[in-house]
Amino acid sequence: MRLREYEGKRIFAEAGIPVPAGRIVRSVGELGDLSCFGERVVLKAQVDVGGRGKAGGVVICPVHEAPARAAELFGRTIRGLPVTEILVEECLPIAHEYYCAVLVDRSTRQPVVLFTEAGGVEIEETARQDPDRIRRFDVNPLLTELPSFAVRDLIGRAPKALGPMVSALYRVFVAKDALLAEINPLVVLDDGRVVAADAKVIIDDNALARQGFEQNRDLTEREAEAERHGFSYVELDGEIGVIGNGAGLTMATLDLIEQYGLRAANFLDVGGGADRERVAHAVRLLAGAPGVRVIIVNLLGGITRCDEVARGIIDAGIPQRVIVRMAGTNEAEGRALLTEHGYEMYDSMDRAVAAAAEAGA
Amino acid sequence: MILADRKTGVIVTGATGRQGLFHIRLMNEYAREVGGVGVVAGVTPGKGGQEVVGVPVYDSIRAALREHEADASVIFVPAGAAGDSIMESAANGLSLAVAITEHIPVHDTMRALAYARLCGTTVIGPNCPGLLSPGEAKLGIMPAQLAMPGPVGVVSRSGTLTYEIVDELTRAGIGQSTVVGIGGDPVIGSTFSEILARFEKDPQTKAVVLVGEVGGALEQEGAASTSLPLVAYVAGVSAPPDKRMGHAGAIVEGGEGDARSKIQALEAMGVTVASRPSEIPGLIRSLL
């Protein structure tokens with residue numbers, strides 16, 4: 001789950017990483033007296049997307065213009081998302097922008113710390129065009145702290161005051177179960193002070209509970225409901241509802257649907273060992289989703305038993321819209337049940353998707 | 001075959017849970033069928049002295065090893081304790097730990113894997129179906145009835161999709177040397193490269209099916225590391241960016257790890273890429 005900038009900055013501040021003076025507001029009325037911020041302020045829309053600055057989500061203005069500009073920002077959408085929160089901050093006299101991040105490297109199976117003098121909005125461009133300008137240190141996760149030499153190697157000739165921030169960022173990454181902890185830009189001010197001007201923190205979804213988050217905000221309402229039932233569910237915008245068991249098989253079904261020139265309405269993995277009730281619930285969930293014309297159920301029985309699945313499909317009670325492919329444990333019993341109740345059942349994935357495509361087209 | 005054979009003795013951790021119990025039974029049914037050792041002991045802290053489906057349960061791996069010989073563990077403990085179970089396996093000198101458990105926090109996995117490396121323990125998973133060497137050994141939850149012995153290795157990030165492909169191969173009369181599910185998490189103990197290196201040294205394995213999905217670059221890294229004939233399949237061509245497709249690791253992030261660019265990279269290396277699972281048997285046959 002991606003934290004908002006102000007949440008990330010709160011965590012940074014607790015870890016001893018200096019952040020700009022600021023406050024979060026949810027309406028123009030909450031702006032109040034801004035004189036403590038000096039002559040100019042920065043208004044930053046708190047939306048859960050990247051590229052916010054380029055999309056007009058960050059405004060720098062004189063303090064007296066702040067109410068009008070904030071009202072404008074509240075009335076806008078940034079990359080499709082409404083602005084409900086604005087972070088108001090002091091305007092920093094920036095001398096130089098650096099970049100520092102800690103993330104999980106799948107290839108090395110370890111955290112990696114990245115640092116470059118070329119911070120700012122063009123960091124992705126730098127990573128592509130000039131990757132050597134980004135220094136990296138792979139961290140053995142059995143270390144509890146970044147070693148001093150690693151910090152020195154990372155920051156090179158950048159101001160020494162940045163060192164403790166790099167160390168603290170690594171501590172945040174570990175303590176908060178982060179997949180990513182990034183400061184971009186990490187700024188040195190005209191007077192030599194160092195400040196984290198932005199904060200991007202992504203928490204591991206598998207660690208949300210122990211980090212004290214009750215729910216994953218990245219999910220839509222229907223996705224959250226599906227998660228409560230133990231499904232993995234992703235909303236898409238096609239016309240064929242898809243239920244599978246196992247992420248790979250479900251994805252492969254989606255891909256096959258695309259090969260027939262159609263689009264899946266969703267990805268729904270009922271998980272291993274799904275029973276009658278869960279299957280019925282999955283079918284009903286999709287039957288109620290907008291735009292779904294046909295539902296294809298593609299299950300390979302290992303732990304999951306085909307007869308149990310068949311009973312769940314029959315319980316849901318919509319034979320005219322469900323096409324079933326099942327194979328594996330208790331396949332014959334499942335087939336007999338479905339045929340008896342007027343369902344179409346196929347033993348191959350290709351044939352089932354072809355039939356679903358025909359029915360959905 | 002690779003990683004395990006008939007002689008491999010197995011300890012199951014999380015033995016008294018629903019999953020553990022159910023799969024101990026299936027693993028031992030298979031062991032009896034092929035004349036293998038199978039699961040010799042179960043471990044659940046606090047439940048030492050009990051017996052589940054004919055297998056004695058101990059409080060710890062250490063206690064189990066006082067009474068039994070074992071080389072491997074299969075881990076079914078809940079997510080919060082699974083990292084610890086990997087480390088317990090490693091600390092007690094087991095050469096292989098197969099972590100079935102899903103939803104382990106990635107920081108726990110990284111630490112456990114680093115520790116296992118120090119101890120010289122190979123880890124498969126987490127979030128995986130384990131491995132199956134048809135006619136030899138089953139460590140995990142793969143449905144053994146779909147498989148048959150033969151010359152094709154299968155290595156996959158998926159569970160049921162792997163069974164689907166094994167089923168297709170078997171129906172086409174093409175047997176498997178070992179089927180390895182390496183897991184759907186972003187950080188896993190054994191990657192495609194490491195499994196392929198084992199297949200390369202295995203005289204039984206003549207060609208390999210590599211089953212990948214969106215997220216990361218392990219497929220390309222694996223393909224580049226081997227000289228074995230490969231057929232690849234990559235799931236998730238239709239997956240939208242920044243959405244996690246069921247597996248924690250199946251996500252296109254920062255414009256990287258999408259299926260099309262993986263397929264392009266694999267094809268550029270001369271790897272045959274199947275556009276759907278049913279194409280795989282025909283393509284692999286032409287490589288044998």
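A: B:V53 is partly exposed, because 17 other C-beta atoms lie within 10 Å; the class covers counts between the limit of 12 or fewer for exposed and 20 or more for buried. The model is predicted. B:V53 sits in the loop that joins β3 (51-52) to β4 (55-58) of chain B. Its phi is near 35°, which is positive although the residue is not a glycine. Most residues other than glycine have a negative phi, and most peptide bonds are trans.

The peptide bond from B:G125 to B:P126 is cis, and its omega is near 10°. B:P126 belongs to the loop between β7 and β8 (130-133) of chain B.

Next come the domains. Chain B is split into domain 1, residues 9-124, and domain 2, residues 142-285. Taken over C-alpha atoms, the centres of these two domains of chain B are 26 Å apart. Where they touch, domain 1 of chain B supplies nine residues and domain 2 of chain B supplies eight. On the domain 1 side, the elements that give two or more residues are α4 and β7 (122-124) of chain B. The largest share of that side, five residues, is from α4(B). Sorted by class, the domain 1 side holds seven nonpolar residues, two polar ones and no charged ones.

Helix α4(B) also has a helix as a partner. It packs with α3 (residues 79-91) of chain B at an angle of about 5°, and the two axes are 9 Å apart. The angle is under 35 degrees, so α3(B) and α4(B) are roughly parallel. On the side of α3(B), the contact is made by B:G83, B:I86, B:M87, B:A90 and B:A91. On the side of α4(B), the residues are B:D108, B:T109, B:R111, B:A112, B:Y115, B:A116 and B:C119. By class, the contact between these helices has eight nonpolar residues, two polar and two charged.

Helix α6 of chain B covers residues 192-201, and its buried residues are B:F192, B:I195, B:L196 and B:F199. Viewed down the axis of α6(B), these buried residues fall within an arc of 100°, so they line one face of the helix. The elements that cover them include β10 (149-156), β11 (176-181), β12 (207-213) and α7 of chain B.

Last is the contact with the other chain. Chain B contributes 45 residues to it, and chain A contributes 43. On the chain B side, α4 (106-119), α5 (160-171) and α7 (218-224) are the elements that give two or more residues. Again α4(B) has the largest share, here seven residues of the side that touches chain A. This side of chain B has 25 nonpolar, twelve polar and eight charged residues.

To put the pieces together, α4(B) packs with α3(B), gives the largest share of the domain 1 side that touches domain 2 of chain B, and gives the largest share of the chain B side that touches chain A.

Key: Residues numbered from 1 in each chain as written. Chains lettered and ligands numbered in written order. Predicted model: local features only at pLDDT ≥ 70, side-chain atom pairs only at ≥ 80, totals over all residues. Contact = placed C-beta atoms within 7 Å. Helix = DSSP H or I, 4+ residues; strand = E, 2+ residues; numbered from the N terminus. Nonpolar A, V, L, I, M, F, W, Y, C, P; charged D, E, K, R; others polar. Domains from an automatic or database assignment. Axes fitted to C-alpha atoms, helices over the stretch in contact; angles between N-to-C directions. Parallel < 35°, antiparallel > 145°, perpendicular 65-115°, else oblique. Arc of directions from axis to C-beta.
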